[in-house]
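Keep the account to what can be read from the coordinates.

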Amino acid sequence: MEISSAEQYLQEDATGRLAELTTDHSAAWGKMTPQHMVEHLIITFKMSIGKINIPIITKEEDWPKTKAYLMKDSPMRRNVPSPVGNNDLLPLRFPDLESAKAKLLQERDSFLQFVKEQPDFLANHPFGGPMNVEEWLLFHRKHFKHHFIQFGLIPDYEQN
């Protein structure tokens, strides 16, 4: 089942790749440092359980097509502009990369627990509109892979 493989990816593969990430890694594209990327992933987990709300910027009629793209296990476009219109790097919130990585794993675990406790929860994605927990789970897998490719932690894979 697709959902369980996405959950397994976040629990196992992503944990291993994250452990490999160091401050010496540099991005193949974009402005982010390894710590910025980790803190960015923290924010998306918070969005997916309603702790952070970012306005939806796509038209409602485009949600089905955008959601289909966000759910597909294929590479994401690179250098996507920020949905809030500010493409500057956010100030770092954690003292170092290791602290940020620990927080990311904590947020991942909170998300995975949340989806079990509130399977009918909907949270807005700035491009995909309202998404259920299964859609967010698939998105998180795609999003992690995107940033792992960005920092050379996994090889790029073919667009399907």
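The model is a predicted one, and local features are described where pLDDT is at least 70.

**Helix packing**

Two packed helices are described by the angle between their axes and the distance between the axes. The table gives these values for two helix pairs.

| Helix pair | Angle between axes | Distance between axes | Handedness of crossing |
|---|---|---|---|
| H2 and H4 | about 20 degrees | 9 Å | left-handed |
| H4 and H5 | roughly 155 degrees | within 10 Å | left-handed |

Helix H2 covers residues 34-48, helix H4 runs over residues 97-117, and helix H5 spans 133-150. With an angle of about 20 degrees between them, H2 is roughly parallel to H4, because angles under 35 degrees count as such. For H4 and H5, on the other hand, the axes cross at roughly 155 degrees, and the two helices are therefore roughly antiparallel to each other.

Aromatic ring pairs in the model number five. In one of them, Phe-45 and Phe-144 have their ring centres 5.7 Å apart and their planes at 55 degrees, an arrangement that is classed as tilted. Since Phe-45 belongs to helix H2 and Phe-144 to helix H5, this pair ties together parts of the chain that are 99 residues apart in sequence. Both Phe-45 and Phe-144 are buried.

Phe-144 also pairs with Phe-148, with 5.7 Å between the ring centres and 85 degrees between the planes, so this pair is edge-to-face. Here the two partners lie in helix H5 itself, four residues apart, which is about one turn of the helix. Phe-148 is buried, as is Phe-144. Taken as a group, Phe-45, Phe-111, Phe-144 and Phe-148 are linked into a cluster by ring pairs.

Lysine side chains make contacts with rings as well. Lys-142 is placed over the face of Tyr-69, at a distance of 4.4 Å from the ring centre, and the charged end of Lys-145 is found over the ring of Tyr-9, 5.1 Å from the centre of that ring.

**The strand pair**

Strand S1, residues 122-125, and strand S2, residues 129-132, pair in the antiparallel sense, and four bridges join them.

The C-alpha atom of Gly-152 is separated by 29 Å from that of Met-131, and the two residues are 21 positions apart along the chain.

Most residues other than glycine have a negative phi. Asn-79, by contrast, has a positive phi, near 60 degrees, although it is not a glycine. Asn-79 belongs to the loop between helix H3, which spans 63-71, and helix H4. Is this asparagine, Asn-79, buried or exposed? With a relative accessible area of 53%, Asn-79 is exposed.

Key
Residues are numbered from 1 along each chain as its sequence is written. This is a predicted model: local features need pLDDT of at least 70, side-chain atom pairs count only at pLDDT 80 or more; totals for chains, interfaces and linings use all residues. Side-chain values use heavy atoms; hydrogens and water are left out. Rings of Phe, Tyr and Trp (its six-membered ring) pair if their centres lie within 6.5 Å; planes under 30 degrees apart count as stacked, over 60 as edge-to-face and the rest as tilted. Buried means under 20% relative accessible area, exposed over 50%, partly exposed in between (1.4 Å probe, protein chains only). A charge sits over a ring if NZ of Lys or CZ of Arg is within 6 Å of the ring centre and within 35 degrees of the ring normal. Two strands pair if DSSP finds at least two bridges between them. Axes are lines fitted to C-alpha atoms, for helices over the stretch in contact, and angles run from 0 to 180 degrees between N-to-C directions. Angles under 35 degrees count as roughly parallel, over 145 as roughly antiparallel, 65 to 115 as roughly perpendicular and the rest as oblique. A crossing is left-handed if the near helix is turned anticlockwise from the far one by less than a right angle, and right-handed if clockwise.
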